Amino acid sequence: MGKRNSQKKNAAMLDSDDTDSISSSSSSVRFTNMVELGTEEREVDKDTMLDQWLDDLYEKRGSTREKALTSIIEAFNSSLQHEFIEKKFATLLHQCLTSVKKGSAKEVALASHAIGLLALTTGPGEKAQEILEESFSPISEALRLRPEMSKTSSLLECLAVITFVGGEGPEQTEKSMNIMWQVAHPKLGTNVSSSKTPPAVITMVVSAWSFLLTTLDGWALNPKTWQESVSYFSTLLDKDDRLLRIAAGEALALIFEIGSLEKFCGEANVSTNTPIEEGKDSRNLMHMHGLRNKVLGQVRVFAAEASSKGTAKKDLNTQKNTFRDILDFLENGYTPESSMKVGGESLNTSSWVQLIQLNFLKHFLGGGFVKHMQENQFLHDVFGFVPKKKSLSGVEHRMSGGAKRMYKSPNSTLNKARTQMLNKQRMLSQGKNAGHFAVDYADA
């Protein structure tokens, strides 16, 4: 009897659980449908607002245009606006360039940032090339006028990003790098004013220049450019500004990572050189050895610098850690490794090239970095990053090893099997996959 009562009790419990499960599942379906409907409404509202902000860029009042650009930037940071770009790409680019040419310093800075976001969102291709081609002259002219510091920094960032995405070859990249070089080193060019360049602007020049250098092969630049850059960055290490010293140190580490001393001295074809040319190359090589030893001495000092009165401990620690990494690289050949979580997945770097690219794009994207890192295919390709897929509720779908292989395989038969399997999973869970990757700021 006791056993039968226990069985009845268990049966009753199972029936109750099944009823609750059915009720819960039914509620889940209704909730999912409501969320999807709400999402669609938000998408429509977002598109309507983007159209309105784009229209506001035609307004005569500068403050209205600035507010519209701020809203557009926020929209591009919070979501990748592929559909909007598909419809309004040319109009948005044209209006942003008009702001660069005629707007206030604040408007120029905002428009420059919007153009950079436009390039990152479109990714490499015809649109990115068009952005670079159409924007190069207005940006170069705006830099020539040497306006307010915030305006110059934004223009430099924009030029770096659109060249990084839209540049087709080393010639275009070097062209942009030369414009940057002239801003920081005006005596080399006639298209800039003679006023003293603020340290913050020089810091941005060095960062942007280095960012583009990561895309070039060591042989792409001529020996004179290598030697001038090493010599110039070495002088920047003696400046008082810590951020400038750090940028210059990282630039030097990058230069020595991607280029050997032979490349710096033009010894690619030593066997075909004349005796005179060989003698010149030997002198250049000795000169570069001397520069490298000078840099090594400077790096040792900053890697061991003690704190002093009025020195911010955080800034000093940042400098010491950076220069210790540089010293370890120059002396032992060890490149720095970094790792950060993006949506629960590790984003790793293991070279100066990757670290400089990551830091520059993090600075440019700001609050939009996590979203772009999770959903921007171009950034996935740049860093070899594969984000975790998220469901609408933010719960990860964990797939078996076999399912992962099916997901990654290009074989059409397996792709069909994958689709069937995922559909079955959706039916069983009575939910739906959101498609894009949900942002998980807590893991960033």
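Visitor: In which helix do Lys371 and Glu375 both lie?
Guide: This is a predicted model, in which local features need pLDDT of at least 70, side-chain atom pairs count only at pLDDT 80 or more, and totals for chains, interfaces and linings use all residues. Residues are numbered from 1 along each chain as its sequence is written, and side-chain values use heavy atoms, with hydrogens and water left out. Lys371 and Glu375 are four residues apart, about one turn of the helix. Helices (DSSP runs of H or I, at least four residues) are numbered from the N terminus, and both residues belong to helix 15 (residues 369-375).

Visitor: What is the N to O distance in the salt bridge of Lys371 and Glu375?
Guide: A salt bridge requires a side-chain nitrogen of Lys or Arg within 4 Å of a carboxyl oxygen of Asp or Glu. The side chains of Lys371 and Glu375 meet in such a bridge, and the N to O distance is 2.8 Å.

Visitor: Is Lys371 buried or exposed?
Guide: Buried means under 20% relative accessible area, exposed over 50%, and partly exposed in between (1.4 Å probe, protein chains only). Lys371 has a relative accessible area of 11%, so the residue is buried.

Visitor: Why does Lys106 count as exposed?
Guide: Lys106 forms a salt bridge with Glu66 (4.0 Å, N to O). The pair links distant parts of the chain, with Lys106 in helix 4 (residues 105-122) and Glu66 in helix 2, 40 residues apart. Glu66 is buried, with a relative accessible area of 14%. Lys106 counts as exposed because its relative accessibility is 52%.

Visitor: How many residues apart in sequence are the parts that Arg242 and Glu305 tie together?
Guide: Arg242 forms a salt bridge with Glu305, and their closest N and O atoms are 3.5 Å apart. Arg242 lies in helix 10 (residues 242-258), whereas Glu305 lies in the loop between helix 12 (275-303) and helix 13 (313-332), so the parts tied together are apart in sequence by 63 residues.

Visitor: Which kind of pair do the rings of Trp181 and Tyr232 form?
Guide: The structure holds ten aromatic pairs. Rings of Phe, Tyr and Trp (its six-membered ring) pair if their centres lie within 6.5 Å; planes under 30 degrees apart count as stacked, over 60 as edge-to-face and the rest as tilted. The rings of Trp181 and Tyr232 have centres 5.3 Å apart and planes at 65°, so the pair is edge-to-face.

Conventions: Helices (H or I, at least four residues) and strands (E, at least two) are DSSP runs, numbered from the N terminus.
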